[in-house]
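Trainee: Please take a close look at one helix packing in this chain. Keep it brisk, and spell out the cut-offs.

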Amino acid sequence: MGLVLQLDEAAQDEGLWPEHLPAWTAWCAVSGQWRTEALSSLEATRLLWLGLDYTAARAGLDLAGIEMTPGLWAEVRDIESGAIEELNARGR
């Protein structure tokens, strides 16, 4: 069973272009598969987001029935890069 998403007019108005839907769908299938590290100091402990666990991500993509291509993987990595930057900025 694969995940099927359909864009309606409202979604298109929100900035997700149809050509980006496959990458977003793949990202949603694996977006919980993070490698993290806890950083502790005297003031606080925070989480450092390192990136996706690629072995777990591959399993998630396979289980979701998503056929990965080099181009699609590059787009997922772009989303990952932006997520790493944003998640780590929130912890500062």
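Mentor: H2 passes H4 in a right-handed crossing, meaning that the near helix is turned clockwise from the far one by less than a right angle. This is a predicted model, where local features need pLDDT of at least 70, side-chain atom pairs count only at pLDDT 80 or more, and totals for chains, interfaces and linings use all residues. Residues are numbered from 1 along each chain as its sequence is written, and side-chain values use heavy atoms, without hydrogens and water.

Two packed helices are described by the angle between their axes and the distance between the axes. Here the axes of H2 and H4 cross at roughly 60° and come within 9 Å. Axes are lines fitted to C-alpha atoms over the stretch in contact, with angles from 0 to 180 degrees between N-to-C directions.

Now the contact (heavy atoms within 4.5 Å). H2 brings Pro22, Ala23, Trp24, Ala26 and Trp27. H4 answers with Leu72, Glu75, Val76, Ile79, Glu80 and Ala83. By class, 9 of these residues are nonpolar, 2 are charged and none is polar.

H2 spans residues 21-30, and its buried residues are Leu21, Ala23, Thr25, Ala26, Trp27 and Val30. Buried means under 20% relative accessible area, with a 1.4 Å probe and protein chains only. H4 (70-90) is one part of their cover, which also includes strand S1 (34-40), strand S2 (45-52) and helix H3 (54-63). Helices (H or I, at least four residues) and strands (E, at least two) are DSSP runs, numbered from the N terminus. Along the sequence, the pattern is α-α-β-β-α-α. Across the chain of 92 residues, 23% are buried.

Terms used:
Buried < 20%, exposed > 50% of the residue type's maximum accessible area, 1.4 Å probe, protein only. Nonpolar A, V, L, I, M, F, W, Y, C, P; charged D, E, K, R; others polar.
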